[in-house]
Amino acid sequence: LLARNDYEGALAELAPTQKTSRTYAEVLNREPASASALLDTCLYTVRALLGVGKRATARVQAQECARLAPAAEPDMKMHPPDIRTFYEDVVGAGRASGGALRVESEPAGCRARVNGLSFGSTPTRIDELLAGGYAVQVECDERPGRVHRVNVERRTADILVDTTLDAT
């Protein structure tokens with residue numbers, strides 16, 4: 001639909017996918033390829049919004065895309081240059097006014113995930129996050145960790161996860 005410039009039709013088709021992405025980002029992003037696909041799909045919504053002249057809504061959507069898949073990279077071959085530039089500008093401005101997240105755990109050395117994406121072992125700090133809500137998981141074994149909701153603002157948000165307590 002986007003290729004035919006049917007932006008209204010694309011928005012209607014993409015709405016259920018965006019709802020699923022918002023609800024299950026921490027599951028969908030567990031694999032880097034899936035995180036990129038989630039981001040690409042989100043950017044299709046940005047493209048459709050720009051196509052119908054809703055620039056302010058497209059800006060909000062682009063910010064949501066960056067929060068849904070922090071650190072994921074869109075497939076540049078899938079998006080026209082104007083969409084890539086728009087996204088990069090929105091994300092750059094958002095990072096300048098965003099914050100950071102410090103994830104610690106007891107015990108230390110467990111995998112830290114933010115919206116499903118792995119950010120290494122605890123303790124870790126994730127900089128340049130756009131302001132907003134994130135799902136944090138800490139995993140010391142192969143089981144998915146409990147989801148902790150954290151709001152990041154213009155400062156460093158700290159979270160300490162006791163994995164023993166989470167396991168119960």
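Tutor: Welcome! This is a predicted model, in which local features need pLDDT of at least 70, side-chain atom pairs count only at pLDDT 80 or more, and totals for chains, interfaces and linings use all residues. Residues are numbered from 1 along each chain as its sequence is written, and side-chain values use heavy atoms, with hydrogens and water left out.

Student: Why is the link of Cys-42 to Cys-65 called a disulfide?

Tutor: A disulfide is a pair of cysteine sulfur atoms within 2.5 Å. The S to S distance of Cys-42 and Cys-65 is 2.0 Å, so the pair counts as a disulfide. In general, a disulfide is a covalent bond between the sulfur atoms of two cysteines.

Student: Which hand does the link of Cys-42 and Cys-65 have?

Tutor: That link is left-handed, with -90° about the S-S bond. The pair joins distant parts of the chain: Cys-42 sits in helix α2 (residues 32-51) and Cys-65 in helix α3 (residues 55-68), 23 residues apart. Helices (H or I, at least four residues) and strands (E, at least two) are DSSP runs, numbered from the N terminus.

Student: How many disulfides does the structure hold?

Tutor: It holds two disulfides. Cys-110 and Cys-140 form a disulfide as well, with sulfur atoms 1.8 Å apart. Cys-110 is in the loop between β1 (99-106) and β2 (111-114), while Cys-140 is in the loop between β5 (132-139) and β6 (148-152), 30 residues away in the chain.

Student: What makes the disulfide of Cys-110 and Cys-140 right-handed?

Tutor: The torsion about its S-S bond is about 85°, and therefore the disulfide is right-handed. Counting bonded cysteines along the chain, the pattern is 1-2, 3-4.

Student: How do you know whether Cys-110 is buried or exposed?

Tutor: We use relative accessible area: buried means under 20%, exposed over 50%, and partly exposed in between (1.4 Å probe, protein chains only). Cys-110 has 4% relative accessibility, so it counts as buried. Cys-140, at 44%, counts as partly exposed.

Student: Why do Arg-22 and Glu-64 count as a salt bridge?

Tutor: A salt bridge needs a side-chain nitrogen of Lys or Arg within 4 Å of a carboxyl oxygen of Asp or Glu. For Arg-22 and Glu-64 the N to O distance is 2.5 Å, so the pair counts as a salt bridge. Arg-22 lies in helix α1 (residues 7-28) and Glu-64 in helix α3, so the pair ties together parts that are 42 residues apart in sequence.

Student: What makes Glu-64 buried?

Tutor: Its relative accessibility is 15%, so Glu-64 counts as buried. Arg-22 has a relative accessible area of 42% and is therefore partly exposed.

Student: How many salt bridges are found in the whole structure?

Tutor: The search finds eight salt bridges. One of them joins Arg-102 and Asp-158 at 2.7 Å, N to O. Arg-102 is in strand β1 and Asp-158 in strand β7 (residues 156-162), 56 residues apart. Arg-102, at 30% relative accessibility, counts as partly exposed, and so does Asp-158 at 48%.

Student: Which residue forms a salt bridge with Arg-125?

Tutor: Asp-127 does, with the closest N and O atoms 2.6 Å apart. Arg-125 has a relative accessible area of 43%, so it is partly exposed. Asp-127 counts as partly exposed at 44% relative accessibility. Elsewhere, Arg-30, Arg-113 and Glu-139 are linked in a network of salt bridges.
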